[in-house]
Amino acid sequence: MNPWRLMALPWMAWSKATRSVLLAFTVLLLALASGASLVGYHRHPADWAPHAAAGITILDAIGWVGIVSPLMLLALEAHRLRLPRLSREIHASLGLYALLTILVPGLLLGLQGGGDDAAALTLQIALGASLGMAYAVAPSYLGIVLAVSPMLVNALGHWLPLPAAPAPGFLVWAAPCTLALWLLIGWRWSRMLHDEHATQGRDMPTLMRLRTNNLWSRLGNGANAETRQIAQRANWLQPAVDLHGCGPGQLVRSLRVALGGWFMPQTLVSRLRMFASGLAGVALGVLFMLLPASSARGSAASVLSDLGGAPLFVLYLGIVNSILAVAGIAQLRRRWGRANAELSLLALLPGLGDATQTKRALLRAALRPLRPMLAMTAVVITVAVWRLHAHGPDVVLLLLAQGACMAMLLALTLAIPGGVAIRGWRTTALIVYGYLLANASTALALPLFDQGLVPAMPAVAVALAVSWASLLVPLSMLGLRGWRGLRQRPHPFLANA
Amino acid sequence: MNAMLKDTDQAAVAPLAVRGLMHCYEGSNVLTGVDLALEPGSVLGLIGRNGAGKSTLIRAMLGLLEPLAGEARVFGEPALKLSDDAKARLAYVPQQPEALAWLTAQQMLDYVGRFYPRWDAGFAKSMLERWKIAPNKLLAKLSPGERQRVDLIRALASQPELLVLDEPAAALDPVARRELLREVALRAGESGTTVLFSTHIVSDLERVASEIAFLHQGRLLLRCGVDETKERYARLWLPPRMSAAAPSASLSRRRHDDGSLSLVVERDAHGQWPEAAQLAGARLDAMGLEDLFVEIAE
């Protein structure tokens with residue numbers, strides 16, 4: 001068996017686009033980890049090995065979720081298609097990855113430290129890898145464990161000797177625990193191969209959900225992913241449409257139904273249900289942040305103060321604003337990326353008036369998220385000025401960040417029905433860049449860091465100016481081309497696929 | 001009087017007509033100058049291999065895409081600028097309907113029905129029951145066959161004068177397919193609905209179509225009545241020594257290993273077969289619709 005092929009095997013389970021993103025992310029992560037490791041070795045050579053092992057454990061946990069676990073998807077295909085040779089290669093690949101990511105680093109680090117801790121360090125790394133793999137093959141509803149993992153680690157630290165503790169204590173519990181995890185993984189793996197129900201519905205492994213429901217497919221034209229998502233969602237989590245007032249006389253409301261998702265008018269009960277589930281999520285998040293704090297820092301009050309603190313509150317609002325923009329754009333891209341769906345229905349639906357009326361109504365329906373975004377921007381600026389006493393450059397940066405989110409939505413709302421910049425990675429890259437820049441700028445403008453007035457520093461100001469120009473110029477061009485395209489189109493429901 | 005004149009005008013206008021339609025995707029030609037017009041009340045089956053351009057032709061005919069060249073008209077209006085009146089008279093069911101997955105079947109029919117002046121809500125309800133489709137189930141949770149049926153109900157409940165179906169039977173089981181064809185035949189026979197449907201299934205064409213149009217590599221190779229095909233087209237086989245006498249105009253031409261030649265030939269304007277068919281040793285075989293399709297498409 002060719003070792004290069006065995007190394008490449010898990011990557012083949014992802015789509016080409018996801019694979020490129022994953023590869024870029026892996027390279028970046030490895031580069032950062034190597035850099036940190038080199039710095040650590042030069043500064044603290046004595047206790048470098050345990051720290052490096054901790055780093056590798058975390059990397060392995062991430063790596064076995066994102067890179068190695070897709071082997072299971074391939075194994076499933078190989079089993080269904082009756083490809084025994086591929087099945088054998090998958091097992092070999094799994095062994096090779098275990099050797100390279102667990103055994104080799106564990107032994108090398110152990111030898112570097114004199115050889116006494118080799119077993120403990122290897123076990124620690126194996127535990128990280130098994131946690132990652134277990135997370136990937138476990139049913140997705142168990143993903144909540146990931147959110148509480150900091151709390152778990154803190155709580156466990158009080159009565160279990162963690163890796164930093166003397167090796168024997170750690171080995172006593174970690175060895176059987178790691179073994180149990182690998183047995184559990186083996187059982188889930190075998191069940192998925194032989195029982196079709198284990199890969200469907202509630203039992204569907206996190207890994208399979210991640211394959212169709214990742215950020216990249218959401219931002220792209222992953223229209224089928226959206227249908228799958230709706231089909232997989234529990235009925236009580238489905239937003240219920242309010243068809244009241246829809247019809248030929250109510251163009252904007254009718255078009256909102258056809259745009260679906262965040263644009264769709266919902267019944268009062270549905271709105272309350274969505275609000276309650278959102279609130280429950282936030283409450284759960286707050287709870288998880290409070291619980292470790294109560295044991296680790298001794299005072300939940302300080303965490304509460306952080307949560308309710310004005311700078312973080314403004315940052316949260318800024319993030320919500322950018323999410324609203326990105327979600328709206330993603331929704332529109334999906335609609336205009338499918339030829340056989342809503343567009344053909346809308347193009348032939350009587351009662352929508354002439355093309356000019358329809359285009360106007362469509363823009364009003366698609367730009368509806370601007371209302372809450374404007375409201376949130378107003379709150380952001382008000383809190384920044386009155387509560388945080390933000391200075392001029394900070395306020396300008398906050399306005400720029402929030403305004404850019406709205407501009408992004410506006411430009412893409414013109415560009416998508418206008419038939420420009422739908423395909424390819426450039427638009428996606430621009431959206432991701434805009435999202436990151438807006439949030440980074442909001443964070444910089446807030447007193448979250450020790451130094452005040454960060455945007456006023458010359459170097460930061462220049463970097464920000466260049467960064468914003470590199471977003472706003474292509475965004476303006478896109479919006480302008482979209483506007484022209486939309487005006488020229490005989491009707492706005494021509495697919496871009 | 002004006003109303004009468006309008007009715008006469010509407011009857012005279014072809015419900016669907018295209019002229020010189022050309023389109024390409026990523027540099028490869030999909031439609032290369034298609035001319036086609038449907039007579040009111042006719043049932044035209046559009047047949048062709050995968051990738052022949054059937055769906056593109058249908059989409060261009062209805063103004064769902066902007067062709068590179070040519071003109072498409074629906075009830076005499078430019079397809080890309082249809083009035084509400086023209087839209088209310090036509091219904092289209094795409095291949096693999098995927099629209100409004102976030103609505104239930106009932107909600108979708110209720111929503112769409114509000115826009116059609118002649119919407120038959122009773123028909124929609126009874127068809128949902130007849131086809132055993134749960135009205136409160138989300139469209140995203142229905143099987144492909146069920147979704148296709150819901151979309152067919154949507155199209156038929158609007159009581160269209162022009163019904164355009166793109167591979168309507170692709171996801172249907174044989175029973176549902178038979179029911180659909182019966183419904184189409186009924187609509188065409190009783191209400192005079194004009195129907196255009198694309199398919200690979202030749203037996204479906206024979207069952208309901210009054211005419212067929214054969215699209216091959218973006219060109220319309222032939223168009224005739226279904227009953228005419230056996231009379232009008234035949235396979236001409238010429239032994240190797242006579243292959244030089246083969247007529248230059250033929251729909252397909254295949255040379256066998258032994259040097260003999262098979263051609264699909266057509267009667268001329270006077271109803272005569274090509275002269276080569278009269279030669280001693282030449283053989284003329286009648287062809288069924290499926291044979292004709294396979295001979296031309298190969």
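Which residue just after H2(B) takes a positive phi? I found Gly63(B), with a phi of about 75°. Helices (H or I, at least four residues) and strands (E, at least two) are DSSP runs, numbered from the N terminus.

A note on the source: this is a predicted model, where local features need pLDDT of at least 70, side-chain atom pairs count only at pLDDT 80 or more, and totals for chains, interfaces and linings use all residues. Residues are numbered from 1 along each chain as its sequence is written, and chains are lettered from A in the order in which they are written.

I then looked at helix H2 (residues 54-61) of chain B, and eight of its eight residues are buried (20 or more other C-beta atoms, placed from the backbone, within 10 Å of the residue's own). Among them are Lys54(B) and Arg59(B).

Next, the sheet. I read four strands in the order S12-S13-S11-S14 (chain B), an open sheet with antiparallel pairing (at least two DSSP bridges between two strands). S12 (252-255) and S14 (283-286) of chain B are at the edges with a single partner strand each, so one side of each has no neighbour in the sheet. Four bridges join S12(B) to S13 (residues 261-266) of chain B, and Arg253(B) stands opposite Leu263(B).

Last, I checked the chain contacts. I see 32 residues of chain B in contact with 29 residues of chain A (C-beta atoms, placed from the backbone, within 7 Å). Helix H3 (84-88), strand S6 (90-93) and helix H4 (105-113) of chain B each give two or more residues to that side of chain B.

Notes:
Contact = placed C-beta atoms within 7 Å. Buried ≥ 20, exposed ≤ 12 C-beta atoms within 10 Å, placed from the backbone.
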